[in-house]
Amino acid sequence: MCRSIKTLRPPVLPEEATEEEIRAAALQYVRKVSGFRAPAAHNQEVFDRAVDVIAQATQGLLAGLEVRGQAAPRAG
């Protein structure tokens, strides 16, 4: 779907994904789904809120994933 969104979990990424990397992936997702690279002023708030929600969900996903051969997920 979004080829510019990179995998943010080990072993693809050797260390934890940064907040910046997570937010960039969320932004790319919202851009793809909405069809807007930059929303009009009247859509900016909902666009930004969607990026925030998706970034938060992504952080939760990455924190909870258990990758075989890796350490157990950290407590949230």
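Predicted model: local features only at pLDDT ≥ 70, side-chain atom pairs only at ≥ 80, totals over all residues.
Q: Why is R23 called partly exposed?
A: R23 has a relative accessible area of 35%. Residues are numbered from 1 along each chain as its sequence is written, and side-chain values use heavy atoms, with hydrogens and water left out.

Q: What makes D52 and R23 a salt bridge?
A: Their side chains meet at 2.6 Å, N to O. The term asks for a side-chain nitrogen of Lys or Arg within 4 Å of a carboxyl oxygen of Asp or Glu, so the pair qualifies. D52 sits in helix 2 and R23 in helix 1, 29 residues apart, so to speak a link between distant parts of the chain. A search of the whole structure finds one salt bridge. In general, side chains of opposite charge can pair when their charged atoms come close.

Q: Which label does D52 get, buried, partly exposed or exposed?
A: D52 is partly exposed, at 41% relative accessible area.

Q: How do you know that the span of helix 2 is close to the expected one?
A: Helices are DSSP runs (H or I, at least four residues; strands are E, at least two), numbered from the N terminus. Helix 2 covers residues 44–64, which is 21 residues. The expected span is 1.5 Å times one less than the number of residues. From first C-alpha to last, helix 2 reaches 30 Å, close to the 30 Å expected.

Q: What makes up the largest nonpolar core?
A: Ten residues: L8, L13, A17, I22, A25, A26, V30, F47, V51 and A55. Such a core is a set of buried Ala, Val, Leu, Ile, Met, Phe, Trp, Tyr and Cys residues joined through side-chain atoms within 4.5 Å. Helix 1 gives the most, with four residues.

Q: Why is P39 called buried?
A: P39 comes in at 12% relative accessible area, so it is buried. P39 lies in the loop between helix 1 and helix 2.

Conventions:
Buried < 20%, exposed > 50% of the residue type's maximum accessible area, 1.4 Å probe, protein only.
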